[in-house]
Structures are given as structure tokens and as C-alpha cells.
Amino acid sequence: KIIPASASALEVVRPICESMYEPDLFLWTWTIGIEQSSELLRWQQKGVCGYVWSIMDSSIKKRLPKAHNAMSELKGGMRFASTHCKIYIIKSKTACISVLSSANMNKNNRYEFYYITGERDINGYILAEFRALYDASKG
């Protein structure tokens with residue numbers, strides 16, 4: 001789907017989270033906005049999501065220190081790598097959905113592409129790649 005709006009990928013991920021019971025989020029993105037990182041913390045407090053595991057480009061520490069600090073407060077973990085991916089995995093005990101996108105987790109005024117899949121083989125592969133990079137990256 002192509003969405004012409006000033007939206008962040010978080011706005012696409014939210015209804016998926018709400019359709020599951022406290023899913024864990026795996027966010028593999030170049031950046032996240034300050035508003036969106038704070039929103040994730042509110043989601044955890046309200047039970048919209050469980051743990052949040054993220055891999056972001058290491059430049060976020062200097063570019064957006066407030067967003068970095070907000071992400072540091074989340075239950076889960078944050079790692080850094082040289083990345084430009086925009087992949088979001090929403091995983092509960094009974095389901096797994098992947099969102100492949102052109103959109104980061106920040107608000108913008110561009111057309112963005114989203115491919116959403118619940119296909120087990122694709123999601124298993126993506127989650128395995130996320131975990132391998134997460135384990136190999138620095139915190």
C-alpha cells in the first residue's frame with residue numbers, strides 16, 4: 001500500500017499491535033522521531049505492546065538525543081548499526097506480522113510504501129536476520 005500522508009510507520013504499526021495481545025515490537029529503522037519514541041513508552045504503559053527491541057543507525061545518538069533517551073527508557077533493548085532498513089515486526093504468542101516500508105519511525109510529508117505480511121516463512125527469515133544483527137551489534 002502507498003500512503004500519501006504526513007504519517008510515520010508507527011501509525012501503521014499501531015492497529016496491528018491493537019489487534020494482538022501485548023505483542024513485542026522489533027524495530028529495524030534508520031531513525032525515530034522524538035514524538036514517536038515517547039509514544040512507544042505510552043504504549044508500553046497502556047499495554048498496547050510488550051517489549052520493544054530496536055536496531056537503529058548509530059547516528060541517532062547525536063542527531064536526536066531526546067529520541068535516543070526516550071528509547072532507552074523502554075522495556076526491551078536498543079542496538080546500533082550502520083543501517084537504513086525500515087522493517088517492523090509485531091510478534092505475539094500466536095501471530096507475527098512484518099511491515100516492510102520506505103518509512104522511518106518519524107513523521108514526514110512524503111509518499112511512503114508499506115508491505116504487510118503474515119507469511120510464516122518470510123517473517124521467520126526477517127526475525128532471524130533481526131536477531132542475528134541485534135546480537136552482533138553494540139548497545
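A salt bridge, as the term is used here, is a side-chain nitrogen of Lys or Arg within 4 Å of a carboxyl oxygen of Asp or Glu. The background to keep in mind is that side chains of opposite charge can pair when their charged atoms come close.

Before I go on, please note that this is a predicted model, in which local features need pLDDT of at least 70 and side-chain atom pairs count only at pLDDT 80 or more, while totals for chains, interfaces and linings use all residues. Residues are numbered from 1 along each chain as its sequence is written, and side-chain values use heavy atoms, with hydrogens and water left out.

The structure holds 3 salt bridges, and I would like to begin with Arg14 and Glu39, whose closest N and O atoms are 3.1 Å apart. Arg14 lies in helix H1 and Glu39 in helix H2 (residues 34-46), so this pair ties together parts that are 25 residues apart in sequence. Helices here are DSSP runs of H or I with at least four residues, strands are runs of E with at least two, and both are numbered from the N terminus.

Arg14 also meets Glu18 in a salt bridge, with 2.5 Å from N to O. These two are 4 residues apart in helix H1 (residues 9-18), and are therefore separated by about one helical turn.

Through shared partners, the salt bridges join Arg14, Glu18, Glu39 and Arg42 into one network.

Glu39 is partly exposed at 21%, as are Arg42 at 38% and Glu18 at 47%.

Let me finish with Tyr51, which lies in the loop between H2 and strand S3 (52-57) and is partly exposed, with a relative accessible area of 43%. Leaving aside residues up to four places away in sequence, Tyr51 touches Pro23, Asp24, Leu25, Gln44, Lys75 and Gly76, where contact means heavy atoms within 4.5 Å. Tyr51 and Ala7 are 44 residues apart along the chain, and their C-alpha atoms are separated by 23 Å.

Key:
Buried < 20%, exposed > 50% of the residue type's maximum accessible area, 1.4 Å probe, protein only.
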